[in-house]
Amino acid sequence: MCKTCKGKFYMTTAIAYTSGKPHIGNTYEIVLADAIARFKRQEGYEVYFQTGTDEHGQKIELKAEAAGVTPKEYVDAVSGEVKNIWDLMNTSYDSFVRTTDADHEAQVQKIFRRLYEQGDIYKGYYEGLYCTPCESFFTESQLVDGKCPDCGGEVQPAKEEAYFFRMSKYADRLIEHINTHPEFIQPPARKHEMMNNFLLPGLQDLCVSRTSFQWGIPVDFDPKHVVYVWLDALTNYITKIGYDADGDSSELFQKNWPADLHLIGKDIIRFHTIYWPIFLMALDLPLPKQVFGHPWLLQGEGKMSKSKGNVLYADELVDMFGVDAVRYFVLHEMPFDNDGVISWELMVERMNSDLANTLGNLVNRTISMSNKYFGGVVTDKKTEEPVDAQLKEVVTGARDRAAAKMAELRVADAISEVFVLFKRCNKYIDETMPWVLAKDEATQDRLATVLYNLVESISIGANLISSFMPQTAEKILAMLNDGKRDYEDLATFGLRENGIRVTDTPEILFERLKLDEVMQKVEALRPAAAAESGDGAEKTEGIDIEAKEEITFEEFEKMQFQVGEIIACEAVKKSKKLLCSQVKIGSQTRQIVSGIRKYYTPEEMVGKKVMVLVNLKPAKLAGVLSEGMLLCAEDAEGNLALVAPEREMPAGAEIR
């Protein structure tokens, strides 16, 4: 709450693609956005917070067909599941957009027509290599090991009639904007990546329609075409708040555009900082003020994917730890510009140390002592000592320290600043020793002041933690018989009136957990997870691939396969897709470059036993010599997994 309004703040998340249930890595983004939105509201901004689902495309069409339902039935189910998880995580969005909404589809058609009529879109033919999972075309030079540079999957030659957007027409203008608005792309490393890898080398015109599938928004003046992914998906940020391509935009749009913040994953930063700004320039609209490409939340130091069997879901974590514990973890463990790691073990550790001990025990002890010594009545007897001033300095400074971090979107650091307050309260208890003061009648006034200072400090801390852990904040304030305070008052100590009682019986905010008991519950979850991902006893349906030309046994014998052991691995500096592994094969060590960086970190690779095509002709990839090929399995979505021997085999063992 804030006594004065500081103006509007329009923020969005990326809209979740409805290809399946979102995992905790996907869910992190909506929780991060919610924390920012809640804090902005607390500061006094009039926040409009939008999220939603992206529901068109060839991948959806294929998944629906495989499931035996219509595409609309398929996306209805998945979008509902996404919304349920967003609601489960107690996120306070104002609008949930679906790209199948009629008002959105109508505006996309109008936008497409306008851009066509003003010459920014033209018809032509696209001939290239197409990746179905990524729904993207690539040139031969853009491939990595002959595979899609984004997902590492197979690409197929494709040629079709398509409409194109003249990207180069606006490239110089966008470069100038990025150079003159250093806050536009955050973190700064993302800006350098976009400029050096895409804008400065020169932009190619962008394919904005397709004819090879039907599940999309039809181009109204050429209905055999459907509007292609990004012109459909990105425009949700303006269509849902009432933009009208004919000039009759709503008051909501006039009030909120341009967006103050687009919060997205780092993997789609290119589309939001190059395609989207250029579309807006063509529509003669101002650009969003900031695009923040957050890092990934990794499981076991690898990006989550069903094919790797390392997926964690928000509802499973909530069942185990509770909503606010999960919110705390994903927000606190994610660095500003580096990937964070989540695991069951780390969750238990944080639950016990930060939540049960630092926060929960502090609240419980303070309320229990207030009840034990004064019947729950909290009164400041004004017995000031130096240790009180030290506590108050930390407490009254916490608001501004947290706000400074939030202004930079350093949410994990902001939470840490609030927990500095709680840790200082625990230290204050150790310094003042209320149980000793309680033994002497002469120090009863001092005891009363100590407990007042603790209750007041916790109340301010609860207000500050409310953006990150809203349910916990409400519980604490209710137990203290205190309410939410105006933002301006959170830097002032002593506003609690004397004589107010705390609750008789404090609620246990966070139970301490035993790791072995948690892991037993996790094991019970794994059969279901294995069935969903295709592992374990219950298998998902197999996939069919196009048959290649038959070969003779003699031709097969020309290929030499052996077991290799990866003894070292590092990322290839000139590529975002490649890993360079040192592979021990018998007494020799081969250097092999593979396009699997999206699926494995260098640390994960070391120590693995893998299957190697040994007698492949050496070649240079991104300037690095590769002396073989690691064998991988690929699913229908283009996800890769290394092929390894079922049993322990020595490095160099022949595969035949």
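Visitor: What should the 22 residues of helix α14 span, and how far apart are its end C-alpha atoms?
Guide: At 1.5 Å a residue, α14 (residues 386-407) should span 32 Å, and its end C-alpha atoms are 32 Å apart, which agrees. The expected span is 1.5 Å times one less than the number of residues. Helices here are DSSP runs of H or I, at least four residues, and strands are runs of E, at least two, numbered from the N terminus.

Visitor: Before I go on, what am I looking at?
Guide: This is a predicted model, where local features need pLDDT of at least 70, side-chain atom pairs count only at pLDDT 80 or more, and totals for chains, interfaces and linings use all residues. Residues are numbered from 1 along each chain as its sequence is written, and side-chain values use heavy atoms, leaving out hydrogens and water.

Visitor: Okay, where does α14 bend?
Guide: At Ala398, by about 40° (the angle between axes fitted to the seven residues ending there and the seven starting there).

Visitor: And what covers its buried residues?
Guide: The cover includes α1 (24-43), α15 (411-432) and α17 (444-465). Buried means under 20% relative accessible area, exposed over 50%, partly exposed in between, with a 1.4 Å probe and protein chains only; contact means heavy atoms within 4.5 Å. Ala398 is among the buried residues.

Visitor: Switching to the sheet: what's the strand order?
Guide: It's an open sheet of 4 strands, β6-β5-β7-β9, with antiparallel pairing. Two strands pair if DSSP finds at least two bridges between them.

Visitor: Which strands are at the edges?
Guide: β6 (136-138) and β9 (206-207), each pairing on one side only.

Visitor: How many bridges join β5 and β6?
Guide: 3, with β5 covering residues 121-131. Tyr130 stands opposite Phe137 in β6.
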